[in-house]
Amino acid sequence: MSEKLSFVSPTANSPWGTYLSQVDRVVPYLGPLARWVETLKRPKRALIVDVPIEMDDGSIAHFEGYRVQHNMSRGPGKGGIRFHPDVTLEEVMALSAWMTIKTAAVNLPYGGAKGGIRVDPKKLSPQELEKVTRRYTSEIGIIIGPHTDIPAPDVNTNAQIMAWMMDTYSMNVGGTATGVVTGKPLHLGGSLGRVKATGRGVFVTGREAARRLGMDLRGARIAVQGFGNVGSVAAELFAEAGAKIVAVQDHTGTIVNSNGLDLAKLVPISRTDGVVGFKAGGDIVPNEDFWNTPCDILIPAALEGQLTAERAQKTTAKLVLEGANGPTVPQADDILAERGVLVVPDVICNAGGVTVSYFEWVQDFSSFFWDEDEINVRLDRIMMNALNQIWDTADKHKITLRTATYAVACERILMARQERGLYP
Ligand code: NAD
């Protein structure tokens with residue numbers, strides 16, 4: 001008999017299993033609301049779709065796609081779309097659940113959702129990529145919408161892909177529904193500040209955490225894993241504040257320079273050749289060496305499950321800023337806590353993206369657009385208010401920032417669940 005009893009039972013070492021154990025840790029702090037906790041342990045709705053397209057060579061290819069709406073007690077589903085050959089339904093379930101926690105942690109009027117397609121977009125032509133995007137959008141069109149579930153970019157998806165999604169949905173409903181996705185190009189109802197928002201949120205929360213630790217950002221050594229939208233922007237902001245980016249890893253390899261990498265050169269090169277393309281600016285080292293590079297701050301900003309127990313033992317960082325979703329496995333979390341390493345968890349640290357997505361959605365509905373200063377001031381204020389409340393909760397119960405974030409978020413979600421009551 002299969003070990004997997006139902007689609008909500010986790011497979012070993014899976015992100016969904018990580019999420020479930022994070023929820024278990026918060027139960028003692030939920031009081032009478034704990035009665036509703038099971039609601040967080042299963043997605044409200046999960047859709048699996050077949051995405052067939054005609055390839056440029058005339059063959060027919062089929063890709064598997066998903067959209068999971070984890071929880072909508074507080075508002076419409078919200079969460080990105082990931083294009084990656086290893087995406088699974090279980091991974092998307094975990095990512096959707098983390099969106100539920102994240103939107104509640106920063107108190108946005110959303111639930112949590114996520115989507116993905118099992119595809120390597122780097123192997124598709126631009127025409128094939130557009131076809132995959134449009135067919136997938138059409139297939140999940142039965143559950144998304146500006147008032148029900150609003151996708152956004154995630155790993156390997158971008159503003160162009162959001163524009164195709166918006167157009168496909170709009171064609172199917174007969175109108176122009178800009179509010180159906182966020183992360184769109186500026187002239188299609190996108191928002192200023194969206195591209196940099198997640199990295200900016202990592203910086204704002206990281207700067208505050210460093211201040212509370214008494215760590216001076218000037219001269220602080222930072223190691224960044226994942227140098228895409230989140231990692232590269234966060235690195236640039238920390239470098240502007242005087243920190244040294246001493247190690248960067250992406251899918252092409254790892255580059256280190258103890259004097260600090262020159263980001264003005266590394267960023268453009270990494271976009272075409274990956275970080276190993278900048279051989280002139282540092283030493284290319286084996287990937288595992290990334291984790292023991294001497295540093296003060298570690299920013300995992302690639303994929304889930306990267307910070308394992310073994311790597312948590314190795315790191316010299318005093319502060320971990322989770323740019324990625326779910327980068328730290330639960331055993332590593334315990335080791336870091338024992339070693340006195342402060343972790344600013346994903347569900348608050350990388351919430352800047354969904355916060356500016358929320359601004360984009362609000363601007364689309366009002367058809368009135370804000371300038372970048374207004375976006376950034378509002379973003380910083382929301383992130384700081386959320387972080388301060390979470391910190392107070394952590395201090396009060398003597399718990400980690402992760403458990404405190406779950407306590408604040410789960411209380412909001414389950415209170416909404418309780419007040420709405422069960423239908424029918
Ligand atoms: P991206 O596609 O722009 O960049 C991903 C980066 O990770 C790339 O540099 C890639 O080379 C690197 N990478 C991929 N596989 C790797 C591996 N095995 N080892 C090392 N590096 C690897 O994606 P992104 O938007 O920057 O997202 C990164 C993480 O941040 C994801 O976990 C995503 O869910 C999370 N996140 C993104 C946003 C957002 O607004 N984009 C918001 C919140 C959270």
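How many nonpolar, polar and charged residues does the shell around the ligand have? In this predicted model, the shell comprises seven nonpolar, 11 polar and four charged residues. Of the 22 residues around the ligand, those that come nearest are Asp154, Thr198, Phe227, His251 and Asn325.

A polar side-chain atom of Thr198 is placed 2.7 Å from an oxygen atom of the ligand. A polar backbone atom of Asn156 lies 3.2 Å from an oxygen atom of the ligand, and a polar backbone atom of Gly228 is likewise found 3.2 Å from a ligand oxygen atom. The ligand taken alone exposes 830 Å², of which the protein buries 84%. Two or more residues of the shell are given by each of H5, helix H6 (229-240) and strand E7 (244-250).

Strand E7 also belongs to an open sheet of seven strands, arranged in the order E9-E8-E7-E6-E10-E11-E12 with mixed pairing. Strands E9 (283-285) and E12 (342-344) stand at the edges; each has a single partner strand, so one side of each is left without a neighbour in the sheet. On average, neighbouring strands of this sheet are turned by 20 degrees against each other, direction ignored.

In general, strands of a sheet pair through backbone hydrogen bonds, in either a parallel or an antiparallel manner. Strand E10 (residues 297-300) pairs with strand E11 (residues 319-321) in the parallel sense over two bridges, and Ile297 stands opposite Leu319 in E11. Helix H5 (residues 194-213) packs on the sheet and touches E10, E11 and E12. The direction of helix H5 makes about 165 degrees with that of E11.

How values were computed
Residues numbered from 1 in each chain as written. Predicted model: local features only at pLDDT ≥ 70, side-chain atom pairs only at ≥ 80, totals over all residues. Heavy atoms only, no water. Pairing = 2+ DSSP bridges. Helix = DSSP H or I, 4+ residues; strand = E, 2+ residues; numbered from the N terminus. Axes fitted to C-alpha atoms, helices over the stretch in contact; angles between N-to-C directions. Contact = heavy atoms within 4.5 Å. Near = heavy atom within 4 Å. Polar contact = N/O pair within 3.5 Å; in protein donor to acceptor, adjacent residues only side chain to side chain. Areas by Shrake-Rupley, 256 points an atom, 1.4 Å probe, with all protein chains shown as cover. Nonpolar A, V, L, I, M, F, W, Y, C, P; charged D, E, K, R; others polar.
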